[in-house]
Amino acid sequence: MSLPKIALVLYPQFSPFHISVPWMAFGTACLPEKPLFEMLLLSQDGKPALAERAMQVTPDGGLERLDEVDMVIVPGWHDLNEPPSAELAAGLRRAYTRGASVVGLCYGAYALAYVGLLDGKRASTHWMAEEDFCQRFPLVELDTNALYVDADGLVTSAGTAAGLDCCLHLIRHFYGAETANRVARVMGVPPHREGGQAQFI
């Protein structure tokens with residue numbers, strides 16, 4: 001049986017940390033004896049992508065490969081004033097329409113909201129952006145306390161640590177609590193945290 005396939009979208013000047021959170025959670029580092037997912041790094045044009053501080057990543061392809069994955073993750077976003085490109089917007093919409101999960105970690109929720117996927121749905125993002133997010137996207141029901149929200153396969157999370165909570169939730173969705181708990185134990189984090197964003201403010 002083939003493994004579920006995940007695409008991590010490399011946005012311009014991406015944050016290496018925000019990429020590394022889902023890469024670690026879903027990759028082979030936690031359970032090397034039992035791979036859980038096939039991971040793809042995708043850039044806008046399939047060419048090497050530059051991080052915010054000199055790091056360069058060679059992707060597995062361009063946005064056309066969004067059509068072959070079971071989950072698309074936008075792990076952060078580089079500029080809250082900049083909507084996704086037409087190519088990325090179309091790819092996210094196609095992915096969700098055909099049943100793939102679409103995930104925006106932290107400010108990655110902005111990418112999903114710009115595309116219109118979150119209209120009429122609950123969502124979460126980093127607490128520092130909640131006022132701006134509500135002004136920009138009045139059709140989205142922003143939950144200002146949730147660590148993450150799963151609204152019919154549109155999944156968003158709060159800040160960086162909450163992105164890890166969100167990834168563990170998605171592992172539970174695909175493989176159940178026992179496997180998610182094993183991953184959490186290897187990473188040295190709680191398998192499920194109680195409470196909301198207020199604990200960080």
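This is a predicted model: local features need pLDDT of at least 70, side-chain atom pairs count only at pLDDT 80 or more; totals for chains, interfaces and linings use all residues.

Biologist: What percentage of the residues is buried?
Modeller: Buried residues account for 51% of the 201.

Biologist: Changing topic to charge. How many positive and negative side chains are there?
Modeller: There are 15 positive and 23 negative ones. The centres of the two sets lie 5 Å apart.

Biologist: Why would such side chains pair up at all?
Modeller: Side chains of opposite charge can pair when their charged atoms come close. In this structure there are seven salt bridges.

Biologist: Let's take R122. Which residue does its side chain meet in a salt bridge?
Modeller: The partner of R122 is D143, at 2.6 Å from N to O. R122 lies in strand β7, residues 122-123, while D143 sits in the loop between β8 (141-142) and β9 (148-151), so the pair ties together parts that are 21 residues apart in sequence.

Biologist: Are R122 and D143 buried, partly exposed or exposed?
Modeller: R122 counts as partly exposed, at 34% relative accessibility. D143 is partly exposed too, at 23%.

Biologist: What about R136, where is its partner?
Modeller: R136 forms a salt bridge with D132, at 2.7 Å from N to O. The two residues are four apart in helix α4, residues 130-136, which means about one helical turn separates them. R136 is partly exposed at 31%, and D132 is partly exposed at 24%.

Biologist: Which residues are linked in a network of salt bridges?
Modeller: K5, R65 and E68 are. Within that group, the side chains of R65 and E68 meet at 2.7 Å, N to O. R65 counts as partly exposed with 22% relative accessibility, and E68 is partly exposed with 35%.

Biologist: Why does H18 count as buried?
Modeller: Its relative accessibility is 19%, and buried means under 20%. So H18 falls on the buried side of that cut-off.

Biologist: Which residues does H18 touch, leaving out those up to four places away in sequence?
Modeller: H18 touches Y11, P75, G76, C106 and T160.

Biologist: One more, T28. Where is T28 found?
Modeller: T28 is in the loop between α1 and β2 (38-43). T28 is partly exposed, with a relative accessible area of 44%.

Biologist: How far apart are T28 and M39 in sequence and in space?
Modeller: They are 11 residues apart in sequence. In space the distance is 9.4 Å, C-alpha to C-alpha.

Definitions and conventions. Residues are numbered from 1 along each chain as its sequence is written. Side-chain values use heavy atoms; hydrogens and water are left out. Buried means under 20% relative accessible area, exposed over 50%, partly exposed in between (1.4 Å probe, protein chains only). Lys and Arg count as positive and Asp and Glu as negative; His and the chain ends are not counted. The place of a charge is taken as NZ of Lys, CZ of Arg, CG of Asp or CD of Glu. Contact means heavy atoms within 4.5 Å. A salt bridge is a side-chain nitrogen of Lys or Arg within 4 Å of a carboxyl oxygen of Asp or Glu.
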